[in-house]
Amino acid sequence: MNILLITAHSIASYDDVRMLSDMGHQVFNLDAYIDPAHPHVPMRPALPDVAGHPELMAAVDALGTRDNLTAAKERLPDALLEWADVAIYHHYLDRWMEPNYARLMAAGVKVVWRTCGQSDFGLEDRMKWYAGNGLTIVRYSPAEQRFFAGTGHWAGQDALIRFGKYLGDYPEWTGPDPEAPAFVANVTQDMAGRGDHCGLTFWIRATSGLTALPAGKDSEKLPGGVGFLPEPDMLDYLRQASAYLYTGTVPASYTLGLMEALLVGVPVVSIGPAAWAGPERLFEGHELAFPLVADTPELARDMLRRLIEDRPYAAMVSAEQRLRAQALFDVAVVGKQWQKLLEGES
């Protein structure tokens with residue numbers, strides 16, 4: 001099957017291109033992995049074993065937009081419509097899907113809207129028309145239905161498919177090396193600049209008196225921040241952390257940072273729903289990090305201290321949370337769910 005994948009997040013692009021290709025599909029990513037062997041954004045490795053499509057790249061290049069793919073996303077080249085059996089959009093309905101929807105449907109292309117935790121009432125309302133006119137909606141979290149379904153702003157769901165990860169990519173948690181200090185981890189993009197959306201105040205209060213080393217883009221603006229880490233360094237950082245404090249990101253139900261912490265197995269303490277800055281029922285971190293959920297920074301600090309000081313307890317929490325994450329996010333499970341959807345099974 002020929003799959004046109006229109007994305008805006010290089011890590012999500014990497015995961016989906018890799019998974020769908022391994023499932024035997026031909027994939028053309030109109031984003032970071034337009035040339036799998038030479039990705040635009042080096043946050044994840046190249047995919048030299050994934051088939052490239054020079055003829056499709058040439059159609060994009062004809063627009064003069066290889067370094068800025070917005071124009072191609074807003075007006076898909078005819079060659080892409082002729083090639084594709086399926087078009088999967090990550091989130092951006094108004095900017096990318098709407099301008100191309102009639103042309104895609106006329107070309108007989110199955111169109112899938114894949115949520116990424118960024119929906120709101122207005123977007124759900126707009127989606128309703130498309131849901132009644134051929135669009136397939138794939139949700140990334142059950143929290144979306146729980147929140148929107150009772151509000152009158154629910155566009156529906158054809159499938160629930162979480163993000164998928166290759167379990168072999170994640171080293172098993174060890175905790176800090178004997179000569180290294182215990183520290184609390186967090187991976188969030190620009191927590192300093194988006195504090196109201198990322199639980200910054202909770203983070204600062206909960207880690208007071210502890211060694212806190214947040215990571216992620218622009219984290220160096222925070223006390224102890226280590227900045228952006230390339231993937232190998234990021235995985236080593238998670239492996240050696242004593243604990244991970246998840247403070248959420250409005251409005252996402254869960255984040256890639258939380259997924260990867262859980263898959264490594266660093267014990268996670270999650271901000272609780274009573275302290276969450278976003279819509280309570282859309283937040284899922286307290287379910288994924290069960291049972292270590294804290295509605296106050298003081299309780300979170302106590303939980304973090306116990307994980308730091310009681311290694312057998314931390315190991316037990318790590319094993320429980322890691323098994324739960326593997327069951328939810330294993331690409332072997334997620335890939336079967338995608339295959340079922342692509343083949344048109346209910």
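Biologist: Which residues does N2 touch, not counting residues up to four places away in sequence?

Modeller: This is a predicted model, in which local features need pLDDT of at least 70, side-chain atom pairs count only at pLDDT 80 or more, and totals for chains, interfaces and linings use all residues. Residues are numbered from 1 along each chain as its sequence is written, and side-chain values use heavy atoms, with hydrogens and water left out. Contact means heavy atoms within 4.5 Å. By that rule, N2 touches Q26, W83, A84, D85 and V86.

Biologist: Is N2 buried or exposed?

Modeller: Buried means under 20% relative accessible area, exposed over 50%, and partly exposed in between (1.4 Å probe, protein chains only). N2 has a relative accessible area of 19%, so N2 is buried. N2 belongs to strand β1; strands (E, at least two residues) and helices (H or I, at least four) are DSSP runs, numbered from the N terminus.

Biologist: What is the order of the strands in the open sheet?

Modeller: Strands of a sheet pair through backbone hydrogen bonds, either parallel or antiparallel. Two strands count as paired if DSSP finds at least two bridges between them. Here, 6 strands are ordered β2-β1-β3-β4-β5-β6, with parallel pairing. Because β2 (26-29) and β6 (159-160) each have a single partner strand, one side of each is left without a neighbour in the sheet.

Biologist: How many bridges join strand β4 to strand β5?

Modeller: There are 3 bridges between β4 (residues 110-114) and β5 (residues 136-139). V112 stands opposite T136 in β5.
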